[in-house]
Amino acid sequence: MDISVKYLGLDLKNPIIIGSSGLTNSVNRIKELEKNGAAAVVLKSLFEEQISMEQNHIANQDQHNYPEFQDYVKFYTEGKNLNNYLDIIKDSKKSIDIPIIASINCVSSNEWVSFAKNIETAGADAIELNISLLPSNFDLDSSENEKIYFKIIEKVKQNVNIPIALKMSYYSAGLANLIQKLSWTQNIDSFVLFNRFYNPDIDIDKKEVISSSKPGNSDDIYTSLRWVALLSDTIELPLVASTGIHDSKDVIKQILAGAQAVQIVSSIYKKGGSYISIILEEIENWMKKNNYSKLSDFRGLLNQKKSENHSVYERIQFMKYFSDKNNI
Ligand SMILES: Cc1cc2nc3c(=O)[nH]c(=O)nc-3n(C[C@H](O)[C@H](O)[C@H](O)COP(=O)(O)O)c2cc1C
């Protein structure tokens, strides 16, 4: 059974990538994930603000030599400064065989982009840019918002030679068109669809805005599944599915929809690293049962173009569902 995958020019032994999170923030944790079968990891993200702040701190130390400023910088970057990040990359590359993908959370193409070169020099196999834009600015129309994606990937590409993955948000009035145009730029090598968002919630007893702390589950898969299926036959870059992939069935669904590989986070938090090997074993069993010997035998079999019911992925109204008496 061959479950290997080519992704970002790298040879992955299987389609399971552990997504950016606290699961990947130390060499020991990554080693454990590798031992359990992970094919690659995406490091916990550095935030653009962290990079800019530390760069400015170094550049402007003399100008801001007052205690509050120093304390603020120390507080903000403590334990997660840029050198620590680069050390995790360097140390991982010495003792770990699976690809190490660095990750940066960004919303602008400001001076932080020059730091991408340091990530490459430290030995990262690729960079994932998490550009999660919430179009909440009343002064920006959709095309102005979308220009931000193009600017960032262009600037980062000018700084590095390693492959670049773009992890996106689904907030766009013209998502399919946006992804297609981004794929034509030649500045990126793959898409990760989509980021899992932090969500605010409201506590009705305390009448306070709080952070939604519901753990993710398989029901979260549908947005990504729909878009992977809609795009995979048309977009020429590989699509990696992310969010709501919690078991072997979810992985198989995403590959049937056309995903090249998947990223998993919440289920590994819940069940531990050893769950990766269970997922892999179940995928292989399913493939045996269905007489598939490699992932490409069934990849995209149920994407929008190949599935018998073309319109189902475009349907967003429930009319047909509710017109069936059994569903009421
Ligand atoms: C605790 C936690 C921390 C995360 N931190 C990051 C991060 O630093 N950068 C990032 O791009 N995504 C981050 N994510 C999102 C994951 O990389 C991934 O996109 C998402 O969680 C996948 O969905 P799943 O949790 O349903 O598997 C985080 C997710 C969780 C649950």
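In the predicted model, an oxygen atom of the ligand lies 2.7 Å from an N or O atom in the side chain of Arg196. The ligand is surrounded by 18 residues, and Arg196 and Ser266 are among the closest, together with Ser20, Ser45 and Asn130.

Backbone geometry was examined in two loops. The peptide bond between Leu193 and Phe194 is cis, with omega of about 5 degrees. Phe194 belongs to the loop that connects strand E9 (190–193) with strand E10 (200–203). In the loop between E10 and strand E11 (208–211) lies Lys207, a residue that adopts a positive phi of about 50 degrees although it is not a glycine.

Helix H9 (residues 248–257) packs against helix H11 (residues 275–289) at an angle of about 55 degrees, and the two axes are 8 Å apart. The arrangement of H9 relative to H11 is therefore oblique, and the crossing of the two helices is right-handed. The contact is formed by Ser248, Val251, Ile252 and Leu256 of H9 with Ile279, Glu282, Ile283 and Trp286 of H11. Classified by residue type, this contact of H9 with H11 comprises six nonpolar residues, one polar residue and one charged residue.

Note on methods: Residues numbered from 1 in each chain as written. Predicted model: local features only at pLDDT ≥ 70, side-chain atom pairs only at ≥ 80, totals over all residues. Heavy atoms only, no water. Axes fitted to C-alpha atoms, helices over the stretch in contact; angles between N-to-C directions. Helix = DSSP H or I, 4+ residues; strand = E, 2+ residues; numbered from the N terminus. Parallel < 35°, antiparallel > 145°, perpendicular 65-115°, else oblique. Left-handed = near helix turned anticlockwise from the far one by under 90°. Contact = heavy atoms within 4.5 Å. Nonpolar A, V, L, I, M, F, W, Y, C, P; charged D, E, K, R; others polar. Near = heavy atom within 4 Å. Polar contact = N/O pair within 3.5 Å; in protein donor to acceptor, adjacent residues only side chain to side chain.
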